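Work through the exercises below with the model open. Each task is followed by its solution.

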Amino acid sequence: RIQILFEDMDSQSYSNFQRTPISVLAQFGYSLGHILNDLCASCWFSYLLYFLTKTLKYSNGFAGTLMLVGQIADGIATPIVGFLIDKIKSPYGKRKTFHAIGTLLVAVSFAFVYHKCLACTENTTTTTAAVYFGAFIVMFQFGWASTQISHLSLIPVLTVCKRKIVFLNSVRSGLTFVCGIAVYCIMWALLYNSSSEMEPVGEGDIGVFANLSYIVVGVGTGFSILFHLLVTESSDEELQSQLNEQTSLSSPVHQRQILDWFKLNKFYVTGFLYMFTRLAVNIPQVYLPFYLTNTLSLQKEAIAYYPLMMLVCSVVGSFLCKALTKVVNKVITYFIGVTLVIGACIWFYFTDNVNHCYTYGPTALIGAGGSIMLIISLSITADLVGVHTNTGAFVYGCMSLLDKISNGVTVALIQFFHPAERPHDKCPISLFYRRIMTFVPSTTAVLGLIGICLIYLINWYRRRNATHELHINEQVDDGDDDDDEALVEDRVFINPVADNPQIKNYSSIGSLNNSIQNNS
């Protein structure tokens with residue numbers, strides 16, 4: 001029952017455990033810490049396959065394999081980084097230390113990914129090129145994972161107030177989309193100045209992608225430096241001391257260890273939700289450029305301004321999400337996001353070459369809907385961590401592991417089933433991308449909705465059991481402190497939810513009930 005009190009309390013009661021209030025300057029600084037990752041991620045998902053297949057002229061299988069290698073490397077790195085963050089100690093702050101290491105790795109490696117192979121010649125084999133690009137991709141993904149996990153795991157350290165958590169996630173997600181907007185604006189300008197807009201993207205545009213990577217790394221690194229100057233990380237010992245002082249319990253709050261997470265059903269369901277939410281957001285981002293140029297036969301600048309439209313609406317969606325959570329619960333908010341995504345997918349399917357101007361509509365809907373879904377899934381992940389910040393990085397690492405592996409496998413499978421190009425028949429490829437933009441995002445969005453409904457049912461079931469036990473305890477409370485204390489001792493052993501030694505600090509069932517009722 002005490003465990004439920006910590007995990008499932010509403011926003012008002014959760015604020016009772018608020019640490020030192022996070023300053024506006026610290027909130028601003030925190031929002032800058034993921035900009036480098038966000039800029040690189042926009043390039044990675046939107047243009048990696050396009051760059052490798054259209055500019056460097058590698059096969060679809062080659063491009064899909066490199067994407068899969070990168071996602072696997074990121075997936076492996078995330079739990080490792082999370083484990084190391086939870087275990088090490090650093091006077092600078094263990095999360096900020098890994099953030100700095102990740103920033104360095106990303107800054108060094110990313111530009112080589114969007115450049116022609118410097119070690120290759122005309123006689124170089126595809127295997128050699130794969131090793132070359134794969135090495136820099138793996139370095140980039142390990143750095144990206146270090147920055148992502150350390151930045152995400154800072155949220156429960158900076159605040160435990162649920163509304164502040166939603167706000168930080170909203171700002172973080174909002175800036176993610178702002179970074180995407182910046183990338184697409186830069187890409188639009190570079191493509192406009194590169195060559196005739198009527199020419200398709202080809203080998204002559206290698207410099208465009210290289211310049212894009214240089215700008216991204218330079219700007220993102222500068223914001224990362226500001227993050228380190230503005231944000232101060234408290235140690236776990238300081239956080240534990242503050243938490244104990246602000247609770248009415250005389251014993252320290254029990255912190256979950258890594259193995260404890262694997263015993264929770266909610267841990268697995270949250271991973272299920274996060275994985276399919278990320279798929280619903282990332283797959284449209286990867287394949288929208290192909291849909292625009294291969295299915296709708298638009299000019300090459302469309303690969304910049306249509307994704308730009310999607311990201312602008314994503315920013316709107318992030319602010320809409322914040323407003324919705326004040327009126328309705330997270331399940332309904334997530335359902336609204338899913339509805340927008342499914343509506344966009346249906347619209348994509350029926351858009352043709354003649355009326356391609358109507359593509360702005362579904363592009364806007366899928367941007368706003370995906371933003372709402374992502375913010376809610378991140379908020380639920382932060383709720384899962386709660387006050388258990390000692391292993392919070394490990395939890396975020398596991399969530400990211402599912403995200404990266406599922407994205408890599410999905411993209412690799414799509415590339416594997418890509419139809420062969422025919423010079424005089426583009427219908428198979430056109431229909432292929434139309435189906436990808438319709439069925440993959442909509443299916444994953446529905447699966448994500450199932451996940452959040454399961455989480456809601458788990459929370460409801462646990463609250464109902466806790467309330468039922470409190471009702472039984474009130475009926476048997478006869479004022480005999482000795483008997484009641486023995487009953488508390490018994491319920492500690494027979495009820496796994498109440499397996500918390502702090503219950504023994506109460507002299508009677510009545511005092512325990514009064515404490516829980518006052519807090520909830």
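Buried means under 20% relative accessible area, exposed means over 50%, and partly exposed lies in between (1.4 Å probe, protein chains only). This is a predicted model: local features need pLDDT of at least 70, side-chain atom pairs count only at pLDDT 80 or more, and totals for chains, interfaces and linings use all residues. Residues are numbered from 1 along each chain as its sequence is written, and side-chain values use heavy atoms, with hydrogens and water left out.

**Exercise 1. Overall make-up**

Task: Find how many helices and strands the chain has, and what share of its residues count as buried.

Solution: Start with the DSSP runs, numbered from the N terminus: helices are H or I with at least four residues, strands are E with at least two. The chain has 20 helices and 0 strands. Next, take burial. Of the 520 residues, 57% count as buried. Last, take contacts, meaning heavy atoms within 4.5 Å. Among contacts between residues at least 6 apart in sequence, 83% join residues at least 24 apart.

**Exercise 2. A helix pair**

Task: Describe how H4 and H13 cross.

Solution: Two packed helices are described by the angle between their axes and the distance between the axes.

Step one is geometry. Axes are lines fitted to C-alpha atoms, for helices over the stretch in contact, and angles run from 0 to 180 degrees between N-to-C directions. The axes of H4 (residues 35–55) and H13 (residues 265–295) come within 8 Å and cross at roughly 40°.

Step two is the class. Angles under 35 degrees are roughly parallel, over 145 roughly antiparallel, 65 to 115 roughly perpendicular, and the rest oblique. H4 and H13 are therefore oblique to each other.

Step three is the contact. On the H4 side, the residues include Phe45, Leu49 and Tyr50; on the H13 side, they include Val286, Pro289 and Phe290. The residues of this contact divide into 8 nonpolar, 7 polar and 1 charged. Here Ala, Val, Leu, Ile, Met, Phe, Trp, Tyr, Cys and Pro count as nonpolar, Asp, Glu, Lys and Arg as charged, and the others, Gly among them, as polar.

**Exercise 3. Aromatic pairs**

Task: Classify the ring pair of phenylalanine 110 and tyrosine 114, then that of phenylalanine 112 and phenylalanine 136.

Solution: Set the rule. Rings of Phe, Tyr and Trp (its six-membered ring) pair if their centres lie within 6.5 Å; planes under 30 degrees apart are stacked, over 60 edge-to-face, and the rest tilted. By this rule the count comes to 29 aromatic pairs.

For phenylalanine 110 and tyrosine 114, the centres are 5.3 Å apart and the planes are at 50°, so the pair is tilted. Phenylalanine 110 is buried at 0% relative accessible area. Tyrosine 114 is buried too, at 1%.

For phenylalanine 112 and phenylalanine 136, the centres are 4.4 Å apart and the planes are at 10°, so the pair is stacked. This pair links distant parts of the chain: phenylalanine 112 sits in H6 (residues 94–113) and phenylalanine 136 in H7 (residues 126–152), 24 residues apart. At 29% relative accessibility, phenylalanine 112 is partly exposed.

**Exercise 4. Loop residues**

Task: Is serine 297 buried or exposed, and where does threonine 359 lie?

Solution: Serine 297 is in the loop between H13 and H14 (302–325). At 51% relative accessibility, serine 297 counts as exposed. Its phi is near 55°, a positive value in a residue other than glycine.

Threonine 359 lies in the loop between H15 (330–350) and H16 (360–385). Threonine 359 is buried, at 0% relative accessible area. Leaving aside neighbours within four places in sequence, its contacts include Tyr291, Leu292 and Phe348.
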